[in-house]
Amino acid sequence: MGKRKPTPMQTGDIENNQAWRPQRAARRIQAADETLVTDGLGPEQEGLITAHYGTQVEVEALTGERQRCHVPANLEGLVTGDHALWCAGDPYGVVVAQLERTSQLQRPDSTGSLQPMAANIGRIFVVVAPVPEPSAIVIDRYLVAASAVNIEPVILLNKTDLLAANNDLKDMLERLLAPYENLDYQVVRASATEGELDELRAALADCTSVFVGQAGVGKSSLLQALLPNGAVQYTDEGMHGGTNAVLSHLPGGGSVIDSPGIREFGLWQLSLEEVSLGFREMRPYMGHCRFSNCSHLHEPGCALIDALASGNISQARLDSYRHIVAGLRMSSI
C-alpha cells in the first residue's frame with residue numbers, strides 16, 4: 001500500500017513549519033549572543049574544539065583543561081578538531097576566532113550543500129573485517145574519498161582472531177589486501193577482541209584520526225579497546241545531548257574523532273577527475289587515451305585498457321574505477 005498523501009491542511013502546516021525554521025534558528029543564535037559577557041574573561045589563548053553543541057562548543061586549553069564556550073553568531077562553521085582562539089570565563093568562555101585548517105571532512109546537509117563535520121584530520125582508517133565479507137569496491141570508494149580531501153588513508157583489518165582457524169578465509173583476505181600493499185597503502189592488522197592493538201596504536205600515535213567502514217566491522221569495539229575508559233569520551237550529556245562529533249585523546253599518543261556521521265563518510269559530490277586521482281596507479285595514464293571523451297570501457301586506444309593488458313593496473317581496480325564512475329554518472333542524471 002502506498003504512502004497516504006497529506007491533506008491540504010497538513011501540507012500547509014508543513015510549509016509553515018519549514019518557513020519558520022530559519023527565523024527560529026536566528027532567534028536561538030541571537031539569544032545565545034545576548035548571553036555573551038566579555039567582562040571577567042581571561043586573555044586570548046589557543047585551544048582545540050573537542051565537541052560541538054549548536055551555539056556552544058567544548059574547548060580544550062593547552063594545559064588539557066576543557067570548558068564550555070559560547071560561539072558568536074558571526075563565527076560560523078566551527079567543528080570538532082578545529083583550532084581556535086578563545087577566552088576562559090566563569091561559567092562559560094567565549095571563542096574569538098577560528099584558526100586555519102589543514103583538512104576537513106564534509107557531508108551534505110538536508111539541502112545537499114556540503115558542510116564540515118570534523119577538521120584537521122591526519123589519517124582516515126578504512127576498517128574491514130573477515131565478517132562482513134569485505135569488498136574491493138567498498139575499500140576503493142573510501143580510498144577515493146580520502147584522496148579527494150587530501151587525507152592519508154590506512155586500511156585496517158580488524159577481527160584477525162577469526163583467521164586463526166580458517167586458512168581459506170585468511171588466504172582470501174591476504175589476496176584482497178596484497179594489491180593495496182603493492183601500491184604503498186599502509187595496511188594495519190588488529191583484533192579488538194584479543195587486544196592485539198600494538199600495530200594500530202603505533203599508526204595512531206602522531207596525529208588525529210577517524211575510523212570509517214561498513215557496519216559490523218568493529219569500529220566501536222576498536223575505540224572501546226583503545227580508550228582508557230572503554231568508551232568514546234562523550235561529555236556528561238552523552239552522544240544524544242546535541243553533539244555530533246567528539247575528540248578523544250589516546251593513551252599512547254594521537255587522538256580520534258568519532259561520530260555516526262564520520263563513520264558514514266563517503267563519496268560526496270566528487271568529480272570524475274577526483275575519482276581518477278583517487279586511483280593512484282592510474283594517474284599516469286589519465287588524459288592519454290586516443291579519444292578525449294573515452295569511457296575506458298571498450299574504445300580503441302584507451303590508455304587504461306592498454307595498461308591493463310601490459311599488467312600495469314589490475315582488473316579488480318579497473319572494475320572498481322568503472323563501478324564508481326558509473327555510480328556518479330547515474331546520480332547526476
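This is a predicted model: local features need pLDDT of at least 70, side-chain atom pairs count only at pLDDT 80 or more; totals for chains, interfaces and linings use all residues.
Residues are numbered from 1 along each chain as its sequence is written, and side-chain values use heavy atoms, with hydrogens and water left out.

Let's start with the cores. By nonpolar core I mean a set of buried Ala, Val, Leu, Ile, Met, Phe, Trp, Tyr and Cys residues joined through side-chain atoms within 4.5 Å; buried is under 20% relative accessible area, with a 1.4 Å probe and protein chains only. The largest one has 50 residues, and Leu105, Ile124, Ile155 and Val275 have the most contacts inside it. Among the elements giving two or more residues to this core are β8 (123-128), α3 (167-182) and α9 (315-331). Helices here are DSSP runs of H or I, at least four residues, strands are E runs of at least two, and numbering goes from the N terminus. The top contributor to this core is α2, with 6 residues. There's also a second, separate core of 20 residues, including Leu197 and Leu226.

Now, Glu281. It's in the loop between α7 (272-277) and α8 (303-309). Is Glu281 buried or exposed? Buried, at a relative accessible area of 12%. Leaving out residues up to four places away in sequence, Glu281 touches Leu183, Ile313 and Arg317, where contact means heavy atoms within 4.5 Å.
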